[in-house]
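My entries follow in the order I made them.

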Amino acid sequence: MPLQEPDKLSESKEIEKHKSCVSIVPIFNHLEDDEMNSIVKSAIHLNLEKNEILYRAGDYSDSLYIVHKGKVRVYRLSENGREQLIRILNPGEFTGELALFRESVHEVYAEAMEQTEICSIQRGDLQQILQQHPTISLKILNEFSKRLDNTEHLMTSFATENVETRIALYLVQQAEDSELDNIVLPMSRKDLASYLGTTPETISRKLAKFEDEGWIHQKDPRSIEILDIKSLQSV
């Protein structure tokens with residue numbers, strides 16, 4: 001087998017890196033190789049250090065960002081500077097999707113939680129891809145629907161449920177989503193407090209109460225065994 005020239009070898013590795021990034025995204029993983037390759041050619045690779053900002057509220061939104069490795073936290077800031085966590089993106093998840101359909105600015109912040117690799121696809125390239133593969137648009141709309149449903153559920157929870165109930169139902173949701181009694185919280189207690197609209201101290205106090213009641217067992221700050229899910233559901 002002939003050796004590849006250094007430039008071609010480097011280009012080949014870069015293409016493979018982009019392909020491995022794009023292929024793990026649910027909205028793209030149904031495509032054939034030739035369709036996938038057309039997306040890969042448009043991808044740009046970005047490396048972020050921990051706490052580095054991917055974009056800020058007010059920045060022009062012109063790209064879809066896909067997490068390849070690492071984690072990204074998406075949050076907004078209130079007028080008094082209080083942070084509200086919206087979601088945490090893991091490998092295969094994406095942000096910036098509104099850029100696919102219209103010119104806009106970001107209303108939230110996206111920040112790397114650890115060393116993170118991102119592949120981005122600009123709006124113009126994505127619109128061409130969507131015209132060629134309409135099924136991708138349907139998958140993106142499905143993801144929109146899920147995110148809207150989660151946001152509405154969270155806002156309703158803030159308006160109608162006390163903090164203890166929100167924490168209990170969050171544990172129930174994690175157990176139901178994973179179909180396991182032993183769950184691992186996907187975020188720190190600080191981020192969980194931001195997500196649920198409370199403080200880390202309140203999170204710790206309520207979890208300790210649930211443990212005293214015999215509903216959960218805290219193996220460590222992130223690992224929790226659900227012992228009595230019915231009691232949690234009725235908080």
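**Entry 1: the cysteine pair**

I checked burial first: C21 and C119 are both buried. Buried means under 20% relative accessible area, exposed means over 50%, and partly exposed is in between (1.4 Å probe, protein chains only). This is a predicted model, where local features need pLDDT of at least 70, side-chain atom pairs count only at pLDDT 80 or more, and totals for chains, interfaces and linings use all residues. Residues are numbered from 1 along each chain as its sequence is written, and side-chain values use heavy atoms, with hydrogens and water left out.

I then searched the whole structure for disulfides and got 1. The criterion is a pair of cysteine sulfur atoms within 2.5 Å. The bond joins C21 to C119, with S to S at 1.9 Å. C21 sits in helix α1 (residues 6-23) and C119 in strand β10 (residues 116-122), so the pair ties together parts that are 98 residues apart in sequence. Helices (H or I, at least four residues) and strands (E, at least two) are DSSP runs, numbered from the N terminus. I also read the torsion about the S-S bond of C21 and C119: it is about -80°, so the disulfide is left-handed.

**Entry 2: the sheet of 4 strands**

I traced an open sheet of 4 strands, in the order β2-β9-β5-β6, with antiparallel pairing. Two strands pair if DSSP finds at least two bridges between them. Which strands stand at the edges? They are β2 (53-55) and β6 (83-89); each has a single partner strand, so one side of each is left without a neighbour in the sheet. On average, neighbouring strands of this sheet are turned by 30° against each other, direction ignored. Axes are lines fitted to C-alpha atoms, for helices over the stretch in contact, and angles run from 0 to 180 degrees between N-to-C directions.

Next I listed bridges. Strand β5 (residues 72-77) and strand β9 (residues 109-112) run antiparallel and are joined by 4 bridges. V74 has A110 as its bridge partner in β9, and V72 stands opposite A112 in β9. β2 also runs antiparallel to β9, with 2 bridges. There, Y55 has A110 as its bridge partner.

I looked at the side chains of β9. Y109 and E111 point one way, A110 and A112 the other way, and all are buried.

**Entry 3**

β12 pairs with strand β13 (residues 223-226) in the antiparallel sense over 3 bridges. Q218 stands opposite I224 in β13.

**Entry 4: α5 against α7**

How do the two helices cross? Helix α5 (residues 163-178) and α7 pack at an angle of about 70°, with their axes 10 Å apart. That makes α5 roughly perpendicular to α7. Under 35 degrees counts as roughly parallel, over 145 as roughly antiparallel, 65 to 115 as roughly perpendicular and the rest as oblique.

From α5, V163, E164, I167, A168 and L171 meet α7 residues T202, I203, K206, L207, K209 and F210.

**Entry 5: loop residues**

I24 is in the loop between α1 and α2 (33-40). Its relative accessibility is 35%, so I24 counts as partly exposed. Not counting residues up to four places away in sequence, I24 touches V67, H68, P91 and G92. C-alpha to C-alpha, I24 and P91 are 7.7 Å apart, against 67 residues in sequence.

I ended with backbone angles. N51 is not a glycine, yet has a positive phi of about 70°. N51 lies in the loop between β1 (44-48) and β2. E179 also has a positive phi, near 60°. E179 lies in the loop between α5 and β11. Is E179 buried or exposed? At 71% relative accessibility, E179 counts as exposed.

Methods. Contact means heavy atoms within 4.5 Å.
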